[in-house]
Amino acid sequence: QAQLVESGGGLVQAGGSLRLSCTASGRTISYDGMGWFRQAPGKERQFVASISWNGVGTIYADSVKGRFTISRDNVRKKVDLKMNSLKPEDTAIYYCAAAPRTTQATYNAQEYDYWGLGTQVTVSS
């Protein structure tokens, strides 16, 4: 069993930046693919970014490519999401997730077995 806790959410003006962090405890996630998803009010859960076990492979949704950067530190058991040039459409609850069945980055939500409770990101115009 892995426990994931997100932090770093908040209110920011359009064009601003935030850094989200996900800290894991319990079972090791050192060899798991890790990802970030988000869900806006009235919308379906959306893939944001993913990173492979060794941090070499990354995948980004087209909507955030070039603006967001995912990274991980397996010693500290952390996965970060640096978000730059934020837009109002980025407003959502952001969730950290672990995919223990693969070592690779994946956009498939079905491969993620462990989820945090989320952190709110609100971007104002």
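Trainee: Which residues does Asp-32 touch, not counting residues up to four places away in sequence?

Mentor: Contact means heavy atoms within 4.5 Å. By that rule Asp-32 touches Arg-27, Ser-52, Trp-53, Arg-72, Ala-98, Ala-99, Pro-100 and Thr-102, with residues up to four places away in sequence left out. Before you go on: residues are numbered from 1 along each chain as its sequence is written, and side-chain values use heavy atoms, without hydrogens and water. This is a predicted model, in which local features need pLDDT of at least 70 and side-chain atom pairs count only at pLDDT 80 or more, while totals for chains, interfaces and linings use all residues.

Trainee: Why does Asp-32 count as buried?

Mentor: The cut-offs are on relative accessible area: under 20% is buried, over 50% is exposed, and partly exposed is in between (1.4 Å probe, protein chains only). Asp-32 has 3% relative accessibility, which is under 20%, so the residue counts as buried. Asp-32 lies in the loop between S3 and S4.

Trainee: What makes Gly-10 partly exposed?

Mentor: Gly-10 has a relative accessible area of 24%. That value falls between 20% and 50%, so Gly-10 is partly exposed. Gly-10 belongs to strand S2, residues 10–13.

Trainee: Which residues does Gly-10 touch, not counting residues up to four places away in sequence?

Mentor: Gly-10 touches Leu-18, Gln-120, Val-121 and Thr-122 on that count. Thr-122 is 112 residues from Gly-10 along the chain, and their C-alpha atoms are separated by 6.1 Å.

Trainee: Why is Asn-84 called partly exposed?

Mentor: Asn-84 has a relative accessible area of 26%, which is over the buried limit and under the exposed one, so the label is partly exposed. Asn-84 sits in the loop between S8 and S9. Beyond residues up to four places away in sequence, Asn-84 touches Gly-16, Ser-17, Arg-67 and Phe-68. Asn-84 and Gly-66 are 18 residues apart in sequence, with C-alpha atoms 8.7 Å apart in space.

Trainee: What is phi of Ser-85 near?

Mentor: Phi of Ser-85 is near 50°, a positive value in a residue other than glycine. Most residues other than glycine have a negative phi. Ser-85 is in the loop between S8 and S9 and, at 41% relative accessibility, counts as partly exposed. Lys-77 also has a positive phi, about 55°, although Lys-77 is not a glycine. Lys-77 is in the loop between S7 and S8, and its relative accessible area of 32% makes it partly exposed.

Trainee: How many helices and strands does the protein come to?

Mentor: DSSP runs are counted from the N terminus: helices are H or I, at least four residues, and strands are E, at least two. On that basis the protein has 0 helices and 11 strands.

Trainee: What makes the protein as compact as a globular protein of that length?

Mentor: The radius of gyration is taken over C-alpha atoms, and the globule rule is 2.2 Å times the number of residues to the power 0.38. The rule gives 14 Å for 125 residues and the protein has 13 Å, which is close, so the protein is as compact as a globular protein of that length. Its C-alpha atoms fill a box of roughly 40 × 25 × 25 Å along the principal axes. Buried residues make up 45% of the 125 residues.

Trainee: Which residues touch the most other members of the largest nonpolar core?

Mentor: A nonpolar core is a set of buried Ala, Val, Leu, Ile, Met, Phe, Trp, Tyr and Cys residues joined through side-chain atoms within 4.5 Å. The largest one has 35 residues, and Trp-36, Leu-81, Met-83 and Tyr-94 touch the most other members. Elements giving two or more residues to this core include S1 (2–7), S4 (33–39), S8 (78–83) and S9 (92–99). S9 gives the largest share, 6 residues.
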